[in-house]
Amino acid sequence: MNSSVQLYNLQERYADAFAKNFTIVSLAVIIVSINGIFVYIFFRSSIFYSDPRYILYIHLVINDMLMVCLSVTLFVMSFAWQNVPLPFCVTLLIVAATAHKNTPLTLAGMAVERYIAICKPLHHHQICTVRRTYILISLIWGVGVIPGLTDLILLSIVRPLSVFTTTASCSASILYSTQYHEIHTRFMNGLYSSVVWLILVFTYCQVLVAARRASADKSSAKKAQSTILLHGAQLLLCMMSYITAIIDKTFVPLIPADRARLTFLNYLLTNIIPRLLTPLIYGVRDKLFYKHMKRLFKCRIFIVKVESTNQ
């Protein structure tokens with residue numbers, strides 16, 4: 001009887017693990033496919049290459065693709081590969097953390113670009129050049145990697161160096177479990193989110209003032225206002241991942257029997273789903289991107305129809 005119960009519990013755990021992994025991988029494939037369409041359109045049309053706004057947008061899309069791939073890889077590894085060499089695990093965690101921080105920083109950069117375009121239109125082409133845009137992207141990566149590297153430095157200080165020769169389950173909550181890491185994470189999340197929100201509020205207020213003063217080009221100013229508001233909405237979606245642990249601590253104790261399922265649902269809603277909505281909010285709304293997207297799909301449909309008639 002006991003062996004039958006244990007076998008049933010084991011089968012249930014395997015079925016639950018398979019369902020979670022299948023769901024998360026399927027969502028990742030959908031997100032990467034949709035984002036891949038935007039990336040393909042960008043590199044297919046040279047008109048986007050010379051516009052800093054589209055360069056920053058496609059950097060945001062590629063960064064989200066990278067983050068989703070790494071996040072899902074780490075999730076699957078937590079089930080399939082329990083003994084991961086620590087150097088490899090730390091490398092994955094640093095790149096994933098950097099991609100996570102890059103999203104709000106890129107949104108701030110896009111808001112500043114819209115502020116310059118509306119409030120300083122005569123200087124826009126001088127300030128927002130393609131070269132400076134790529135320099136900004138490099139700075140975003142440089143600033144974004146700081147928290148991950150700091151976690152690594154703290155790990156090497158609080159634990160003996162021999163820990164890097166061991167294996168462990170590859171999870172930030174397991175690897176960076178000291179009190180110093182918790183304080184560092186809170187401080188960095190607060191600092192990054194505060195700076196980005198200040199930039200968004202400042203640029204929105206400046207564009208709002210410019211829209212009221214403008215007499216000729218009010219439509220552009222209002223469009224810039226809407227764009228910065230969308231950046232705020234995107235930032236809210238991205239910042240949901242900052243409160244994953246808070247939501248877990250709040251709701252999981254209420255239903256301890258479904259702890260694993262609640263944690264998984266929380267992970268989906270705060271880390272994965274926002275990465276699907278973020279590029280759609282901006283990409284489909286943009287007239288030029290939407291025009292090229294319609295042209296791409298019309299071309300594909302026409303090719304399919306021609307092939308079917310020939311057969």
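Student: How exposed is Cys-119?
Tutor: Partly exposed: in this predicted model, the relative accessible area of Cys-119 is 25%.

Student: How many disulfides turn up in the whole structure?
Tutor: The search finds 1. Cys-89 and Cys-170 form a disulfide, with 2.2 Å between their sulfur atoms.

Student: Which parts does the pair tie together?
Tutor: Cys-89 is in helix α3, residues 86-119, while Cys-170 is in the loop between β2 (167-168) and α7 (172-175), so the link joins parts 81 residues apart in sequence.

Student: What's the handedness, and why?
Tutor: Right-handed, because the torsion about the S-S bond of Cys-89 and Cys-170 is about 100 degrees.

Student: Are those two cysteines buried or exposed?
Tutor: Cys-89 and Cys-170 are both buried.

Student: Switching to packing. Which residues have the most contacts inside the largest nonpolar core?
Tutor: Phe-42, Tyr-57, Met-110 and Phe-289, in a core of 20 residues. Elements giving two or more residues to this core are α1 (2-44), α2 (52-80), α3 and α12 (287-310).

Student: Which one gives the most?
Tutor: Helix α2, with 8 residues.

Student: What about another core, apart from that?
Tutor: There is one of 16 residues, including Met-77, Val-84, Val-90 and Leu-92.

Terms used:
Residues are numbered from 1 along each chain as its sequence is written. This is a predicted model: local features need pLDDT of at least 70, side-chain atom pairs count only at pLDDT 80 or more; totals for chains, interfaces and linings use all residues. Side-chain values use heavy atoms; hydrogens and water are left out. A disulfide is a pair of cysteine sulfur atoms within 2.5 Å. Helices (H or I, at least four residues) and strands (E, at least two) are DSSP runs, numbered from the N terminus. Buried means under 20% relative accessible area, exposed over 50%, partly exposed in between (1.4 Å probe, protein chains only). A nonpolar core is a set of buried Ala, Val, Leu, Ile, Met, Phe, Trp, Tyr and Cys residues joined through side-chain atoms within 4.5 Å.
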